Each structure stands twice: as C-alpha cells, then as structure tokens.
Amino acid sequence: MKKPWFIALNDTLMRFRDRNGLLLMLAAPLVLAAITGAAFGGLTGSGSSASPITDIPVILVNADEGAFGQQVVDAFDAAELADLVEPVAMVDLDAARRQVEEGAARAVVYIPAGFSAAVADPANGAVLEVLTDPTSSFSPLIIRSIVEQIAAQFNTAISGGQIAADQALARQDVLGPALAQLPQAISAAVSAQPGGRRIELHSRSLAAEERGGDFNALAFFAPSMAILFLMFTIFEAARSLLDEEREWTLPRLLSTPTRFDQILAGKIGGVLITGVLQLSILILVSGLIFGVHWGSSWPGLALMVLSTVLAAASLGMFITAMARDAAQAGVIGSAVALIFAILGGNFITATAYPAWLQPLSKLTINRWALDGLTDLSLRQGGFGDVALEIGVLFGMAAIFFFIAVWRLPRRFAH
Amino acid sequence: MTNIVQVRNLLKQYNPPSGVIAVKDISFDIRRGEVFSLLGPNGAGKTSTISMLSCLLAPSSGDAEVAGHSITTAAPLVKQAIGVVPQEIALYQTISAAENLIFWGRMYGLSGQRLQERVAATLAIAGLTDRAHDKVESFSGGMKRRLNIAVGLLHQPQILYLDEPTVGIDPQSRRRILDTIKTLNEQGMTVLYTTHYMEEAEELSDRIGIIDHGELIALGALAELTRLVGESDLIDLDVEYNGADQQALAAGLQAQPGVQRVVVEDGRLLLAVDQADTALADVVVAVARAGAHVRQLEIREPNLEALFLHLTGRALRD
C-alpha cells in the first residue's frame with residue numbers, strides 16, 4: 001500500500017504547487033461564482049436565456065371568493081400567455097409549495113382570501129403573493145413580471161379615473177355649476193373600482209423564507225462553478241497517466257519494482273485526493289466569504305463531496321483509458337466537461353429545460369451533483385434529501401471505474 | 001569472470017505477424033564488472049533490446065537472464081537488480097531534485113535513513129548537492145541528464161543500463177557523464193551502455209556489440225573488432241564538387257588501386273583503403289580530374305567506424 005500512497009502524494013503535491021493549476025482549481029470557480037451570483041442575484045425582472053422559455057409550470061391558489069381574484073386567475077389563461085406559462089389551479093397552498101420545492105412547478109401565485117374585498121376597500125391594501133423556486137434563474141422572474149403586469153392593470157384603472165377627476169376639478173370654471181360636483185363623483189366612483197388602492201406584490205423565494213433570510217444566488221452558483229471546475233481539474237489529473245507516458249516517467253516507473261496496479265491505484269488516489277481537497281476548499285471558502293450555508297448534515301455533505309469526486313474521477317479515468325494519447329484525452333475531456341456542464345445545469349438551471357432534455361440532463365454527473373449540493377446549499381436539506389443523488393453518483397462511479405480499471409492495463413500493455 | 005546478463009535468441013517483432021522485426025534473434029553475455037556497449041545507428045534495435053532487458057517490452061521469442069532471473073518469468077526480481085537510465089529525461093520537472101530522488105527511491109523500496117543516505121550520495125555523484133532543493137525545470141540539459149542517471153543509481157543496482165545518455169547535451173556535460181560512468185565502473189558497477197557515438201563506445205567499453213537492423217553483426221573487445229577490418233585506414237574527404245557528379249566521383253574512386261570501399265555521407269566521401277599514405281595521392285588526383293577539389297581531409301587509423309563501414313557498407317551515422 002505504500003507505493004500507491006507515495007504516487008498519490010507526489011501527484012497531489014505537484015498539482016497543488018502548480019500556480020496555473022491553482023488558478024483553475026480554486027480562484028476561477030470562486031471568481032465566476034461571485035460574478036454570476038452577483039449578476040443573477042441582482043436581477044429584478046430582466047434576464048436572458050440561450051433557449052426559448054415556454055410552458056413554465058405555475059400553480060394558482062385562489063383563496064378569494066370575489067370577482068377580482070378570479071380576474072387574476074383568468075389573466076393567466078389569456079391567449080397571449082398560452083405558450084409562456086402552464087397554469088394549474090390548486091386549493092391547498094402547502095401542497096402547492098411542496099410542488100415548487102420538488103421542482104414540479106416554478107412558482108405559486110397565491111390570491112389570499114378577502115383579496116376582492118381588500119381591492120374594493122380603499123382603507124385596506126390588497127396583496128398578491130408569489131412563491132418562487134430559488135433554483136430557477138429565469139422562470140420566477142417571468143412569473144413575477146406577469147403578476148406585476150396584472151396588478152398594474154388594476155392600478156391603471158384607478159390611476160386613469162383619478163386623472164380624469166383631477167382634470168375635471170381643474171376645469172371646474174369651464175364646466176359650470178351644473179357639473180361642479182363631477183370631480184367628486186368620479187373620485188367616489190374610482191374608489192369603488194378594482195385597484196382602488198395599489199395592489200402590493202409580495203414575492204418570496206421559498207429557500208430564503210425557510211432560511212429566514214434573503215435568497216443567496218451564490219448558494220446556487222458556488223456549487224455550480226465548483227462542480228464545473230472540479231470536472232476540468234479531475235479530467236486533467238486523470239489524464240496525467242498519459243502525460244507521464246509521453247514524458248517517460250511512466251516507463252521509468254514501470255522499470256522499477258512497482259507493479260502497474262500499484263501505479264494505477266496511486267494515480268487514482270492522487271486524482272481523488274486532489275478532487276476532494278478542491279471541492280472541500282471551495283465549499284469552505286464559499287461559506288466563509290459568500291456566506292453560503294451547506295445544509296444541516298455534515299455526513300450528507302461529506303458523502304456528496306466524495307460521491308461527486310469519485311464519479312468525476314472514474315469518468316476521467318474512463319476517458320484516459322479510451323483515448324489514443326494525452327492530446328486526444330484533453331480534447332475529449334474538455335468537450336465532455338462543457339457538454340455535461342450545459343446539460344447538467346451548471347450555467348442555466350436544468351429544471352428550466354424542456355421535458356425532452358430532462359432525461360439527457362439526468363445522465364450527467366453534473367446534474368446529480370448539482371441537485372444534491374443545491375439541496376444542501378439552497379434548501380438546507382439533510383442527509384435524506386441527498387441520499388438519492390449520492391447513490392446515483394456512486395453508481396455512476398462504479399460503472400466508469402470498472403470499465404477504466406479493466407481497460408487501462410490493456411491500454412498500457414506492451 | 002561471471003556473466004550478469006545472458007541473452008539467448010532474443011527476438012522482438014512489433015505488430016506480428018507482418019510488423020517490423022526490431023531485434024532479430026540476438027544472443028550475447030555481459031560480464032560482471034564490465035562496461036558493455038551496444039553500438040549502432042538510430043533505429044538499429046538498441047532501445048528495443050534494452051527495453052526487453054528492463055522488462056518494459058515483452059520479447060516475441062527468446063529469453064534473457066539478468067542477475068540470475070528470467071526477464072520473462074521473474075520481472076520484479078530483474079527490476080530490483082537493474083538501474084535504468086532512459087534516453088529521455090524521465091523526471092518530474094515541477095519538483096526539486098531531492099524530491100525526485102526521494103520519490104524514485106521509494107519506488108525502489110528505499111525508506112528511512114537509507115533513503116536519505118542514498119539521496120545524498122547520488123546527489124553528490126551527479127554534482128547537484130548544492131542544487132538539491134531547486135526545481136528540475138530550472139536545470140540545464142546537462143544537469144537534468146546527470147540527475148536522470150542519479151535516479152538509476154539510487155538503489156545501488158547490480159547493473160546500470162544507460163540508453164544514449166549523452167544525446168543532445170553540451171561537450172562539457174558529456175565529458176562529465178562519461179567520467180562518472182568510468183568512476184562507477186572502477187567502483188565495480190557493471191554497465192550496459194547504448195550509443196551511436198563510436199568515440200564513446202571506444203573510450204568506455206570493455207566489450208562492444210555492433211548492432212544494425214536488429215542484428216548483432218560483431219561482438220568483442222575494441223582491439224578484436226578493429227582487427228576484423230584488417231589493416232584498413234579510413235580517409236575522410238571534404239570535397240568541393242564544382243558541379244561534378246558525386247556518385248560518379250565515388251564510383252571512380254572505388255576503382256582506384258588500394259581503395260576497398262567508398263561511402264558518400266552528407267557530401268563527404270569516406271574511403272576505406274589498404275594504406276592511406278600510398279592511396280592518398282591517387283585519390284586526390286582522381287578528385288581533381290573529376291573537376292572537384294579537396295577542401296579538407298582526415299586520415300584515421302582502423303576504428304569502429306571503419307569496421308561498421310566494412311561490415312555494412314554504410315557509415316555509422318547513416
């Protein structure tokens with residue numbers, strides 16, 4: 001066991017002494033997470049997407065028995081929104097929230113009981129609540145925007161009436177005594193119209209609510225960027241076996257009384273140590289600097305880190321085993337890292353992807369790793385919340401690992 | 001003197017059955033305590049031979065015993081007995097010389113106090129004690145070569161394989177490496193040395209095997225080998241052709257009395273002759289009659305280059 005350990009140690013030592021490597025491993029993901037987190041965290045209704053956004057699932061919970069609540073529901077059924085949203089009516093607010101928490105819907109629009117009465121009563125404020133999925137980048141913004149527009153329509157009515165009343169009041173001399181009471185009459189009428197008081201929109205992220213603070217976009221982008229750059233680092237580390245072949249240190253190792261399986265174990269060990277250290281440092285630093293909370297279960301977090309690194313390392317060894325040489329492994333590794341990152345939702349949360357893309361997304365290590373880590377960082381989940389992800393990642397690791405370990409000795413046999 | 005290496009009918013064919021046969025059924029012995037050189041041009045089969053003797057390459061047929069262990073059935077024991085210095089710089093560039101030696105020492109099973117002692121000793125042999133903690137990437141080519149050799153010496157092997165260790169380095173570093181090998185041999189180290197530099201083989205070797213196209217075409221001590229070419233001298237002509245046909249001139253010189261063989265190499269003419277002093281005048285006149293003239297000439301005593309020319313009809317540097 002000593003020789004594999006020394007090989008792993010040597011690999012890790014070299015990797016963490018490489019300044020350029022450290023930039024890629026640690027600095028780049030933290031900087032990118034900070035930038036993207038700040039950008040998306042600061043959005044208030046604008047955004048862009050590389051793909052068309054359609055059929056956003058939204059749940060309408062109408063607890064109001066009046067006409068104005070129904071008008072809000074009807075507004076979501078308007079023809080111009082037919083492609084954009086897919087509203088579903090529910091009566092149980094808690095059940096609707098669970099749907100959002102489980103990713104089945106992007107938002108709940110809650111019309112509280114007494115909404116119509118509040119709208120009609122100038123002494124009270126009417127409130128519409130929007131509860132959003134914190135893991136979605138764009139959908140909550142769109143839903144909130146739609147609700148804002150509905151509220152604005154109500155408000156426009158009262159504003160228009162108010163303007164007419166003001167203008168009549170200003171031209172009272174021209175209108176003459178017969179119409180002297182008109183401004184007051186308009187004003188009284190307007191008070192009875194929808195939106196007699198401005199409707200307030202209360203928008204909340206479910207995770208922020210549960211955590212008792214504001215939603216931290218970094219809680220999504222910190223794990224996201226960590227996973228993305230972990231893949232790059234791990235693939236490069238796994239490829240070092242081919243680099244060593246090219247640089248003649250592998251033949252030299254094989255000329256010593258060291259068996260190939262010891263060398264392979266050492267190389268894999270080096271990859272794992274590097275990956276675990278990288279991900280752990282990123283988690284620690286994101287917690288210290290960005291205030292990201294990594295859930296309520298240390299065992300859950302530790303196993304998420306381990307399973308993610310194992311899966312990525314096994315995929316890296318698999319690519320190494322199949323590649324012709326280091327250059328080809330580099331190209332394939334970079335391509336896989338980027339494709340997996342896009343499919344897995346490292347750039348745009350995968351829950352926003354259309355249904356046909358979801359199965360593909362779930363074939364990637366990134367998706368399961370991101371789902372698990374964001375369950376911890378965004379939803380403050382415990383071990384039970386990430387058990388499935390941990391299991392799937394260990395399963396992926398086992399498949400790639402056994403193929404790689406079967407193939408590699410043959411790949412290097414002379 | 002006992003043999004430390006016994007090679008028997010070793011053959012290596014890549015991608016059989018139609019692939020290149022790099023080593024063709026060669027047999028030879030290396031005696032304990034001697035410097036044995038495999039001399040031959042690039043692609044002659046030297047590295048394939050040394051790779052098989054290092055258990056890095058499986059022979060297609062035949063076998064060899066190194067320190068009493070078969071390369072085909074007892075590779076771990078063979079590997080413990082040998083120190084291998086590959087042709088390329090096989091070091092980790094981003095860590096220090098001492099860290100490299102510690103790592104490679106551990107791969108040879110060294111640890112603790114003995115490892116520290118061997119690291120210090122091999123750093124001294126390589127003349128790198130004062131640079132022990134500098135990264136290898138900051139070293140010159142010669143220093144890297146010396147460290148490359150030091151790694152092969154860490155575990156005090158019974159025999160040291162050196163595969164063209166002086167390729168691509170400056171004359172000063174080359175001199176230092178050759179002196180190091182001589183010193184190691186004087187201290188009792190057996191050395192298997194491959195090279196395509198005739199002068200190195202002549203200077204270092206107790207015995208030399210000449211290898212060409214995978215075949216061992218001559219084997220013996222330097223004096224024995226040079227006797228194979230008889231009394232031949234070698235005339236090396238640097239010719240200004242002035243439009244004269246090079247091949248026609250070579251053919252004309254071949255017809256001169258006393259000229260055994262003529263080879264054209266990089267514009268130069270190499271002539272194996274019975275006696276240089278009697279043949280020289282006729283040769284120079286023949287060159288002049290062809291419309292060319294001799295810029296420079298060198299007469300060499302019978303040596304390995306003449307032998308290689310004699311045996312293969314080609315210059316060693318081809």
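Reader: What counts as a charge over a ring here?
Author: NZ of Lys or CZ of Arg must be within 6 Å of the ring centre and within 35 degrees of the ring normal. The model is a predicted one.

Reader: So what sits over the ring of Phe6(A)?
Author: The charged end of Arg106(B), 4.2 Å from the ring centre.

Reader: And which residue lies over the face of Phe412(A)?
Author: Arg411(A), at 4.7 Å from the ring centre.

Reader: How much area do chain A and chain B bury between them?
Author: About 2,200 Å², with 63% of it on carbon and sulfur atoms. On the chain A side, Arg252(A), Ser255(A) and Pro257(A) lose the most area to chain B. Together they make up 30% of what that side buries.

Reader: How many salt bridges across the interface?
Author: The rule finds one. The side chains of Arg17(A) and Glu99(B) meet in a salt bridge, 2.6 Å from N to O.

Reader: And how many residue pairs are in polar contact between the chains?
Author: Eight, with both residues at pLDDT 80 or more.

Reader: Aromatics now. How many pairs over all chains?
Author: Nine. Among them, Phe401(A) and Phe402(A) are edge-to-face, 5.7 Å centre to centre with 75° between the planes.

Reader: Is Phe402(A) buried or exposed?
Author: Exposed, because its relative accessibility is 57%.

Definitions and conventions: Residues are numbered from 1 along each chain as its sequence is written. Chains are lettered from A and ligands numbered from 1 in the order in which they are written. This is a predicted model: local features need pLDDT of at least 70, side-chain atom pairs count only at pLDDT 80 or more; totals for chains, interfaces and linings use all residues. Side-chain values use heavy atoms; hydrogens and water are left out. Rings of Phe, Tyr and Trp (its six-membered ring) pair if their centres lie within 6.5 Å; planes under 30 degrees apart count as stacked, over 60 as edge-to-face and the rest as tilted. Buried means under 20% relative accessible area, exposed over 50%, partly exposed in between (1.4 Å probe, protein chains only). Buried area is the accessible area (1.4 Å probe) that two parts lose on being put together, summed over both. A salt bridge is a side-chain nitrogen of Lys or Arg within 4 Å of a carboxyl oxygen of Asp or Glu. A polar contact is a pair of N or O atoms within 3.5 Å; within protein, one must be able to donate a hydrogen and the other to accept it, and residues adjacent in sequence count only if both atoms are side-chain atoms.
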